[in-house]
Amino acid sequence: MTTYLLKPGELTLKSGNRQDFESVLRRNLAAMLRGTGAMLSMTQGRFYVRCAPENETGTEDVLRRLFGISGWAKTRVCEKQMDSIIDACIEEAAILFKKGIKTFKINARRTDKSFPADSYKISCTAGDAICGRIAGLAVDVKKPQGTISVEIREKAYIYADAREGLRGLPCGTAGRGMLLLSGGIDSPVAGFMMASRGMRLDAVYFHAWPFTPDEAKSKTIKLAEIIGSYSMGIRLSIINFTPVQNRIKERAPQSWRTVLLRMAMMDCAGILAQQRGDKCLISGESLSQVASQTIENITCTQSRVSLPVMRPLIGMDKEQIIRMAEKIGTYNTSILPYPDCCILFSPPHPVIRGNIAEAQQYYDSLEADELILTALREAETVKAGFPAQ
């Protein structure tokens, strides 16, 4: 059997309710591992996942998408005997050497204080043994090219190929929010970032058929599936917003169309969020990235909702957002050339710094309340990215 050792991250800083966070993490991990054949256990502040060698790929894919752990590693497990520990360290060192690594250090941690050798003694003994066995490997405790970790717990765990986890908090520990999900680059990243803080996600996508193709809807569903694979699944509501957009085109000044559309979307998303029991809205806005995202226009669009609006990208530039999108796997889908409804009827010269009183006056003149309620009643719901049952 292959064994993976998982290190809980930020949740270890929780005091009185740490067990609650660990319980959610364990539940999430068990759900995500379903169908992989892997088994989960926990002892002394560590999670362990065991699987057959043929199931390593699926298991590691889960660990790469799990919020709440700072790191994980495929580890050797042996009895707490120095000879066994040294043999395991030498085997790990040989793998590092084959990869071209020339310097290393031993990072030992003795949680079981009954073990006779302390951390320093373990490190020195194992390091000397490796240098004596593998010519060309040298100890460098300051800037090693590789690190071999030894953890003395109920057994001894030895590993060198430690991977960084997603960190954050387990999904489900910070309530649920409603993500305004478009087919673009920004909003999926915003959803990912809020999920990393422990928030479960619902999402809403505004479709404008026949002006926007069904491929744009399929693209957004795919984005929901990707983000849902990190966040324990997403319920995506697909709203036909064409009647609202036509009303805006008919009654509003051209320069105000984008701001008024954003106001209507916020209005609709706020109603849906309250129906779902969500505690906030989540937007992919970045300050001054486009005309609708100046502080004045953000003030106008937010005026339609009473729920807090989370904007995790607000201080990021486009390059930072793109790098994050590439990292989480949404970028290639986001750039597929299918327009979303945000650019439909987009004015050539939009208002840059809208006055909120003027915005409210224009919005009231739309008389769009019934159109929005009808769109909500006719919404299509898609479940995306949920763990296997």
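## Helix packing, cores and selected residues

In helix α7, V244, Q245, I248 and K249 meet R257, L260, L261 and A264 of helix α8, where contact means heavy atoms within 4.5 Å. Please keep in mind that this is a predicted model, in which local features need pLDDT of at least 70 and side-chain atom pairs count only at pLDDT 80 or more, while totals for chains, interfaces and linings use all residues. Residues are numbered from 1 along each chain as its sequence is written, and side-chain values use heavy atoms, with hydrogens and water left out.

The residues of this α7 and α8 contact divide into five nonpolar, one polar and two charged. Here Ala, Val, Leu, Ile, Met, Phe, Trp, Tyr, Cys and Pro count as nonpolar, Asp, Glu, Lys and Arg as charged, and the others, Gly among them, as polar. Helix α7 covers residues 242-251 and helix α8 residues 257-276; their axes come within 10 Å and cross at roughly 145°. Axes are lines fitted to C-alpha atoms, for helices over the stretch in contact, and angles run from 0 to 180 degrees between N-to-C directions. Helices (H or I, at least four residues) and strands (E, at least two) are DSSP runs, numbered from the N terminus. The crossing of α7 and α8 is right-handed; a crossing has that hand if the near helix is turned clockwise from the far one by less than a right angle, and is left-handed if anticlockwise.

Within α7, T242, V244, Q245, R247 and I248 are buried. Buried means under 20% relative accessible area, exposed over 50%, and partly exposed in between (1.4 Å probe, protein chains only). The cover over the buried residues of α7 includes β11 (200-207), β12 (234-240), α8, α12 (356-366) and α13 (369-377).

Now to the cores. A nonpolar core is a set of buried Ala, Val, Leu, Ile, Met, Phe, Trp, Tyr and Cys residues joined through side-chain atoms within 4.5 Å. The largest one has 53 residues, and L6, L29, V49, L236 and I282 have the most contacts inside it. Leaving out residues up to four places away in sequence, L29 touches L6, L40, V49, V62, L63 and L66. A second, separate core of 34 residues includes V259, C300, V309 and A368.

A few individual residues deserve a look, beginning with their accessibility.

| Residue | Relative accessibility | Class |
|---|---|---|
| G191 | 0% | buried |
| C51 | 0% | buried |
| Q293 | 10% | buried |
| C124 | 31% | partly exposed |
| R167 | 44% | partly exposed |

G191 lies in helix α5 (residues 186-195). Residues up to four places away in sequence aside, G191 touches L179, L201 and I227.

The structure holds zero disulfides, a disulfide being a pair of cysteine sulfur atoms within 2.5 Å. For C51, the nearest cysteine sulfur is that of C78, 19 Å away. For C124, the nearest is that of C131, 11 Å away.

Q293 is found in the loop between β13 (281-282) and α9 (295-302). Beyond its neighbours within four places in sequence, Q293 is in contact with E285, S286, L287, S288 and I298. S288 is found in the loop between β13 and α9, and its phi is near 65°, a positive value in a residue other than glycine. R167 also has a positive phi, of about 60°, although it is not a glycine. R167 is found in the loop between β9 (162-164) and β10 (176-180). Most residues other than glycine have a negative phi.
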